[in-house]
Amino acid sequence: MASSMNMFKVGWQVVKSIHFGERITRRCLSSTVSRHHNGQPLFGLLFDIDGVLVRGGTPIPAAKQCFQNLVDRNGKYRVPIVFVTNAGNCIRQTKAEQLSHLLEVEVSPDQVMLSHSPLRVFSQFHNMCVLVSGQGPVLEVAQNLGFQNVVTIDMLREAYPLLDVVDHHRRPKDLVAQTKDLPPIEAVILFGEPIRWETNLQLIVDVLLTNGKPGNSVASLNYPHIPVLACNMDLMWMAEAKNPRFGHGMFLVCLESIYKKITGCELKYEALIGKPSVITYNYAELLVQQQAESLGWAEPVERLYAIGDNPMADIYGANLYNQSLQASRQTQSQAQMKGGLGQAGRVPKQEAVGEIEVSEDLSVRLLCGDRSLPQACHSILVCTGVYKREQQDLPPDPLQTVTERIFHGHRDFRFDPSLMQPSFVVQDVREAVELVFQQEDCPLE
């Protein structure tokens, strides 16, 4: 079945396919770059949420203040803004309403990108029977993304009540048979950390070991297993507590370890989505360009500034995306010199986000380079979340060896110390926004 389809091979394949070049330096950007076009700015902002704008359900004071300056008297944004979060336990509308309330400005769902948002273009999986794991309205989230045949962990427990027995209070009191047959599961979608880890770990492993038929016994190892797509690789994230909390990345570590311990084989991902994956930033950039169009901008956005608190997710991802942009620009220049690029600014598909094949109109728009890409993406690290200045976990030498660092990134992502280095380090989001507008020679008020 899988061999008959053009599966997406993003996430870890994207990372391995990118050529790592020189890092962005912590200095002012070149003054020779054009900052405006007929008075129109040429930049957009990507905001992380947790640890940058809020801590749990509490807004960071600097965030409310700076967003009052980012809109005019009519509430219209001065520049394109997209909120890029690795959270994924709700739909965009819900997150937009939360942000509107917390920041006291109007936030549109079109400005919100959750960790699972790029799954909209994974149309090859939309008609498959998929098992979804996470918390919140996972069924609604999956259906909103385009999945037509969805099975939740709770539905799986109901169909096979003998599978979930770690919690003695949840065990069946009497011997019961399965209540109903479910269609064979063809793929597993991991949205985010679940509430009952033991239940989800057990049932997901059951599905992988039985080739999607958890009611059957395991006669032999089915490897490679059915496709697994994971969103949000954050090992930890910042809430109201003084120290970071476990994130979905920690759940993935557990799942990978259990699967390998049982089978002796590595758990393989069909796709890894969410920061720091390059496809996440490609999708975010598309949303930024759409915001620019809605603001009436005549020219596309040329520079992006990604503001985050997590060096491994926000900074690594923005820098990795910047590397891919520079590689694409180099490919453009080479193609133009050879006369092989029909229109300036268009990027060959394989150079835009890696070796993938796509279909559907949105997929082509997102991944195949039918529009001008930004010139650069600059990363800004704030100190109100996962990262704290006093921790000094960003060494002055970006080439410091891996043995001297603790790598919190996902197993399948190559560790490059230079990608952990932000373009700028500031105290909070207000300072970050002020810095950007200074760099762009653009009045903030």
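**Tyr387.** I looked up Tyr387 and found it in the loop between β16 (376-381) and β17 (424-425); strands are DSSP runs of E of at least two residues and helices runs of H or I of at least four, both numbered from the N terminus. Tyr387 is buried, at 6% relative accessible area (buried is under 20%, exposed over 50%, partly exposed in between, with a 1.4 Å probe and protein chains only). Its C-alpha atom is 9.4 Å from that of Gly308, 79 residues away along the chain.

**Basis.** I am reading a predicted model, where local features need pLDDT of at least 70 and side-chain atom pairs pLDDT 80 or more, while totals for chains, interfaces and linings use all residues. Residues are numbered from 1 along each chain as its sequence is written, and side-chain values use heavy atoms, without hydrogens or water.

**Thr263.** I then checked Thr263, which belongs to helix α7 (residues 248-263). A polar atom of its side chain lies 2.7 Å from the backbone oxygen of Tyr259, and the Thr263 side chain also reaches the backbone nitrogen of Cys265 at 3.0 Å. Apart from neighbours within four places in sequence, Thr263 is in contact (heavy atoms within 4.5 Å) with Leu209 and Leu221.

Beyond four places in sequence, I found Leu53 in contact with residues including Phe47, Phe67, Phe83 and Val429.

Note on methods
A polar contact is a pair of N or O atoms within 3.5 Å; within protein, one must be able to donate a hydrogen and the other to accept it, and residues adjacent in sequence count only if both atoms are side-chain atoms.
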